[in-house]
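Trainee: Can we go through this structure together? I would like to take the ligand, then the sheet.

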Amino acid sequence: MEHRDEALTEYLEHVVEEELQVHHEGSMPSYMEQIGKADKDLVGVAVMDVNGECRQAGNAQEAFPLESTSKVLSLALALEDCGAEAVFQSVGKEPTGEPYHAIAALQEGDRGVPPNPMINAGAIVATSMIHGRDGDERFARLLHFIRTLANDLELAFNQAMFEAEEKDLNRALFYYMRSHQVIEGSEDDHLVPYLKQTSIEMNCVDLARIGAVLANQGRDPDSGEPLIRPENVRILLTLMFTTGMYGGSGEFAVDVGIPAKSGLSGAILAVVPGRMGLGLIGPALNERGNSIAGVRILKRLSTRWGLGVFS
Ligand code: GLN
């Protein structure tokens, strides 16, 4: 086992080392540049198995905002709070070819119901369903839940990042859905928690631990304590697999073959069910909005270790 672990760490280091030699042009959202998180050459990866053993390489300790990877976590808490039946009355389960922020995705849908919870409109709905008297309590509960999954009580959202983020598109989605009664209440109570969750910061090790909880049927990899119900984990992993990589989900499913969710910060949360969670960072994005380095690394790891769920 020890020998195998060493080989694993060595291979991770080797892959990251090679990736660090490549300068990826790619794009980055302007708010990352505004608050000085614009290092396109950053590359980090952490892998945690279901027993809590962690391997890491590159800039795995560097903090980054979750951005859209947070959508998995707010959906998880909405499912825990309300149950799947209630959640899927207001958001669909279907992939969409539209970009993550497109209003067109809503118009296609049934009465303004967003097609799935991995695009912005669907994530806004899911977060708005998290129990709480108001937006502050809703966000506080979500942050506490994420801290528990990552086993890191220090995790917080980055206020400067939150202020710099482009918000008008999300407001447009919110009011469109509110006019169709898909969502109710005020912007402060039902939209702001979503806007804040995308600015929560963590590193690859934290993200890999969250992945390990999902890989472990929702149980804490150290204590075995149940944190997410297995039936909800199944839903989360399925939606990650079919919709987690935006318009690149099909290609990623074929080439890498594991449930994953990307964010515009270049973060990727990936899960190999029953085996391990992975957290990756690589801020240069491809035309689909996915981390170029992250996708390349996952492809190599999956090929080498036969990680694909159908392998
Ligand atoms: N903060 C971004 C937004 O809500 C996150 C989107 C993303 O990572 N795709 O617009």
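Predicted model: local features only at pLDDT ≥ 70, side-chain atom pairs only at ≥ 80, totals over all residues.

Trainee: How many residues of the shell are charged?
Mentor: The residues around the ligand include Y31, E67, E165 and L264. Glu counts as charged, whereas Tyr and Leu count as nonpolar. The shell divides into five nonpolar residues, five polar and, as charged, two.

Trainee: Which side chain has an N or O atom 2.7 Å from a nitrogen atom of the ligand?
Mentor: Take the polar side-chain atoms in turn. N120 places one 3.1 Å from a ligand oxygen. T198 has one 3.3 Å from a ligand nitrogen. The 2.7 Å distance to a ligand nitrogen belongs to Y246.

Trainee: What percentage of the ligand's exposed area does the protein bury?
Mentor: Start from the ligand taken alone, which exposes 300 Å². Of that area, the protein buries 95%.

Trainee: Which strands are the edge strands of the open sheet?
Mentor: Three strands form the sheet, in the order β3-β5-β4, with antiparallel pairing. An edge strand here pairs on one side only. That gives β3 (64-65) and β4 (156-157).

Trainee: Which residue in β5 stands opposite F64?
Mentor: Strand β5 covers residues 200-202. Two bridges join β3 to β5, and the two run antiparallel. Opposite F64 stands M202.

How values were computed: Residues numbered from 1 in each chain as written. Heavy atoms only, no water. Near = heavy atom within 4 Å. Polar contact = N/O pair within 3.5 Å; in protein donor to acceptor, adjacent residues only side chain to side chain. Areas by Shrake-Rupley, 256 points an atom, 1.4 Å probe, with all protein chains shown as cover. Pairing = 2+ DSSP bridges. Helix = DSSP H or I, 4+ residues; strand = E, 2+ residues; numbered from the N terminus.
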